[in-house]
Amino acid sequence: MEGPIATEVHVLKIRILVPVVAFVLAAAGPLVAHHSFAAEFDDQKPIKATGVVTKVEWQNPHVWFYVDVKDENGKVTNWGFAGGAPGQLMRRGISNKAIQPGMIITVEGFRAKDGSNNASGGRVTFADGRNVFTAGSEDRTPDAKK
Amino acid sequence: MKYFVAVFAAALLAGMAGSSSLLHAQSEGSSAAAPAFQPPRTPAGKPDFTGTYQWPKPLPGDEIGHSNATIFDRRKFAPLKEGGEAFLEPRTGDPRHDEPRDFCMPAGFPAGPLSGNAMQLFQTKDYLVMVHEFQRMTRIIPLDGRPHQTGIEPTYYGDPVGHWDGDTLVVETTNFKRWMMDDYFYTDPKEYRMHSDAVKFTEHIKWKGPGVISYTITDDDPKIFTAPWSQEFEVIAKPEWAAQGLFEYVCEENNRCPGGKCTVP
């Protein structure tokens with residue numbers, strides 16, 4: 001299990017992208033998961049959020065990382081984002097050190113079907129502009145095109 | 001005149017035959033320069049599949065899905081049996097039925113080994129052990145000539161027994177539950193492909209070149225298809241993955257949103 005939850009809270013902003021007509025989604029490339037994307041996430045509800053990582057669970061069947069984000073009204077919410085399986089990410093060169101509490105990251109993915117503050121986390125962009133692709137098997141990415 | 005035509009034709013044929021022989025000789029000469037591939041072998045002389053590998057991948061041109069899980073190419077399927085058991089499992093709206101994997105139920109064979117994770121093979125005189133990272137599935141395949149088990153309940157991975165046909169390892173697996181055939185539902189949730197409990201899967205495993213194993217699965221499912229059908233895949237050796245080994249995979253550890261309902265972290 002993970003260690004103590006980081007309590008440092010740097011609130012930034014969250015932007016939930018509403019579906020637009022021109023927004024075309026497609027399945028992502030060579031990725032891995034234990035379930036189908038459609039079972040848990042809604043590809044009509046993309047999300048792009050920036051904030052500070054509060055906790056990382058580098059566990060199966062999917063890694064989860066949590067980010068404190070602030071919406072346009074200043075309300076801070078802790079969001080959970082799912083990535084791929086640890087083994088798959090490791091073979092893509094993404095180790096369990098890649099995302100750590102305290103980091104400021106931007107995450108792009110899709111919201112959970114139950115409307116909770118959870119989402120897929122297909123792409124993570126760090127403050128220095130680097131990004132990693134943490135998606136699971138058939139997860140979809142906001143910029144994927146059919 | 002006929003005589004000259006016949007002589008000319010004979011001379012022409014002889015010339016062609018000679019050219020053919022020459023080409024053949026040249027071809028043999030070329031192949032002699034490049035020694036024929038010799039598969040790794042066990043001390044007993046059998047092809048040795050021990051090693052770390054990528055999951056079976058489709059051959060160029062074969063159908064691929066929207067995830068990296070390998071799927072069967074629908075063009076390989078035999079016709080469905082008229083009045084046979086359903087090939088596509090109807091959706092019920094119950095997530096436990098519609099996608100049991102989301103609740104950490106097993107992938108089963110052959111969907112499991114076709115999922116996009118590393119796998120490791122261990123071979124002894126009497127066993128081939130196939131360990132796949134996804135769900136840490138393990139298939140222990142006896143090679144000692146024993147028959148299939150009897151009097152056991154159907155299972156997700158079936159009852160495999162293997163034998164050698166020259167340098168090809170042939171594994172026949174029976175005694176299955178009706179369960180998912182592959183991961184095509186990742187691509188189209190409406191196409192949840194099944195095999196029946198009468199299916200026999202036969203794997204033909206043989207080295208085809210350095211670091212490349214030919215891996216053919218034959219699906220003989222008399223309740224669903226009119227005839228057996230087969231598809232060849234390739235299994236690529238990944239010795240660079242061996243040092244790291246396979247990762248633990250405990251699906252229940254942090255399965256946070258089964259059925260689309262997320263738990264509180």
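How much area do chain B and chain A bury between them? I started with this on opening the predicted model. The two chains bury about 2700 Å² between them. Carbon and sulfur atoms account for 48% of that area. B:Tyr186, B:Asn254 and B:Arg256 supply 21% of the area that chain B buries against chain A, more than any other three residues.

Next I looked up the contact by residue. Chain B gives 35 residues to it, and chain A gives 34 residues. I also checked for salt bridges between the chains and found a count of 1. A:Arg91 forms a salt bridge with B:Glu133. Their closest N and O atoms are 2.9 Å apart.

**Second largest pocket**

I turned to the second largest pocket, which holds about 210 Å³ of space. Its lining has 13 residues. Nearest the centre I noted A:Ala38, A:Ala39, A:Lys113, B:Arg91 and B:Asp98. Which helices supply at least two residues each to this lining? I found α1 (37–40) of chain A and α2 (95–98) of chain B. By class, I listed 5 nonpolar, 3 polar and 5 charged residues in the lining.

**A sheet in chain B**

I then followed a sheet in chain B. This sheet is open and has 6 strands, with antiparallel pairing. I wrote down the order as β2-β12-β11-β10-β7-β6. Which strands are at the edges? They are β2 (57–58) and β6 (159–165) of chain B, and each pairs on one side only. In general, strands of a sheet pair through backbone hydrogen bonds.

I picked one pair to look at in detail. Strand β11 (residues 212–220) of chain B runs antiparallel to strand β12 (residues 229–236) of chain B, and 8 bridges join them. In this pairing I found B:Asp219 opposite B:Trp229 of β12(B).

Last, I went through some loops. Where does chain A have a cis peptide bond? I found one from A:Asn60 to A:Pro61, with omega near 0 degrees. A:Pro61 lies in the loop between β2 (41–57) and β3 (64–70) of chain A.

Chain B gave me another entry. B:Phe109 and B:Pro110 are joined by a cis peptide bond, with omega about 5 degrees. I placed B:Pro110 in the loop between α2 and α3 (111–114) of chain B.

I also noted B:Gln135. Its phi is near 60 degrees, a positive value in a residue other than glycine. B:Gln135 sits in the loop between β4 (127–132) and β5 (137–142) of chain B.

Terms used:
Residues numbered from 1 in each chain as written. Chains lettered and ligands numbered in written order. Predicted model: local features only at pLDDT ≥ 70, side-chain atom pairs only at ≥ 80, totals over all residues. Heavy atoms only, no water. Pairing = 2+ DSSP bridges. Helix = DSSP H or I, 4+ residues; strand = E, 2+ residues; numbered from the N terminus. 1 Å grid on protein atoms, 1.4 Å probe; cavity = no way out; pocket = protein on both sides within 12 Å on 5 of 7 lines; lining within 4 Å. Points joined across faces, edges and corners; volume = space filled by probe spheres on them. Nonpolar A, V, L, I, M, F, W, Y, C, P; charged D, E, K, R; others polar. Contact = heavy atoms within 4.5 Å. Buried area = accessible area lost by both parts, 1.4 Å probe. Salt bridge = Lys/Arg side-chain N within 4 Å of Asp/Glu carboxyl O.
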